[in-house]
Amino acid sequence: MDLDAVLLLSFGGPEGPEQVRPFLENVTRGRNIPAERLDAVAQHYLHFGGVSPINAINRALADALRAELPELPVYFGNRNWEPFVEDTVAAMADDGVRRAAVFATSAWGGYSGCDQYSQDIARARAAVGERAPELIKLRQYFDHPLFVAMFAEAIGAAAATLPAGLRDAARLVFTAHSIPVAADERYGRRLYSRQVAHATALVAAAAGYTDYDQVWQSRSGPPQVPWLEPDVEAHIAVLAESGIRAVIVCPIGFLSDNIEVLWDLDTEVQEQAQAAGIAYARAVTPNANPRLARLVRGLIDELRDGGAPQRLAGPAGLGCGFGVDGAPCGAAHCAVDVAPPVR
């Protein structure tokens with residue numbers, strides 16, 4: 001398959017205090033989120049000067065992709081903030097792009113992790129009209145060898161920051177973004193939670209751990225709606241009660257150190273651990289790691305050459321998208337009509 005460009009597609013984030021509230025309103029449009037909830041989430045961003053690191057990270061990743069893929073121009077667009085994907089696709093059309101691969105900054109299946117990005121692609125193409133390029137979303141990559149290697153290395157680097165006497169006994173805790181249980185159980189597949197469980201097992205083994213915990217973070221919404229549990233803060237409390245003196249937290253569910261990582265883990269959870277006398281280390285996410293650019297190149301080569309996907313072995317039925325289950329991303333079997341969480 002011939003390609004003439006790459007589109008890096010992400011969530012977006014504010015880059016100044018005045019952008020925080022409009023950004024959150026974009027994220028939650030049509031969901032009737034109470035104003036006080038938006039005000040509370042806005043404080044997470046304002047704690048860091050109203051700047052989310054995600055756009056800067058993605059610009060650096062786009063540069064890494066240009067170095068890895070010199071034969072293809074690389075474009076960058078977001079769902080919820082500038083540069084909006086609709087504007088980016090219009091620029092691609094102006095530049096004469098006819099067919100492009102789309103790399104979404106989520107490794108996972110389900111609605112927020114996969115299908116909503118397919119909707120972003122469709123909406124952007126519709127906005128541009130007949131001259132819009134064909135946009136092909138690359139497959140999920142939670143079990144790609146380079147994805148696993150980056151997180152395994154990050155765990156080792158985090159462990160090295162702990163006091164020497166506590167490293168060997170440190171508890172490894174993986175976190176990923178929680179979603180409503182109903183979203184995970186749609187079609188009876190539990191696709192997202194099974195993918196996360198498989199990836200954590202792969203990364204733990206690669207990092208040399210035979211025992212670890214996998215929990216969830218950043219839930220939102222009414223308390224009466226069940227979400228995936230246990231929550232990371234509740235789990236840290238349990239670890240403290242059991243006498244654990246050191247913990248390594250690996251945010252495997254996130255491709256970049258976004259506000260949810262910086263606030264939920266580096267602020268709230270870290271303060272909770274320290275108050276309980278637990279030494280705390282947090283593994284970095286891939287961010288703009290050059291190996292992530294190599295991973296993207298591998299996914300593109302699969303698409304261009306029709307080769308077998310690079311993935312580490314796991315149970316059947318964990319994937320959807322290009323090269324898996326014989327269906328494109330956004331197919332009915334993985335679409336879930338559940339609103340994403342407030343970020």
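Let me start at Glu260, which sits in helix α10, residues 259-275, where helices (H or I, at least four residues) and strands (E, at least two) are DSSP runs numbered from the N terminus. This is a predicted model, in which local features need pLDDT of at least 70 and side-chain atom pairs count only at pLDDT 80 or more, while totals for chains, interfaces and linings use all residues. Residues are numbered from 1 along each chain as its sequence is written, and side-chain values use heavy atoms, with hydrogens and water left out.

Glu260 counts as buried, at 5% relative accessibility; buried means under 20% relative accessible area, exposed over 50%, and partly exposed in between, with a 1.4 Å probe and protein chains only. An unreviewed UniProt entry lists His177 and Glu260 under "binding site". These two span 84 residues in sequence, yet no two of their C-alpha atoms are more than 8.9 Å apart, so they gather at one spot.

Leaving aside neighbours within four places in sequence, Thr175 is in contact (heavy atoms within 4.5 Å) with several residues, among them Val215, Gln217, Cys250 and Leu265. Arg297, by comparison, is 122 residues from Thr175 in sequence and 27 Å away in space, C-alpha to C-alpha.

Key
UniProt positions renumbered as here; feature names shortened; annotations may be inferred.
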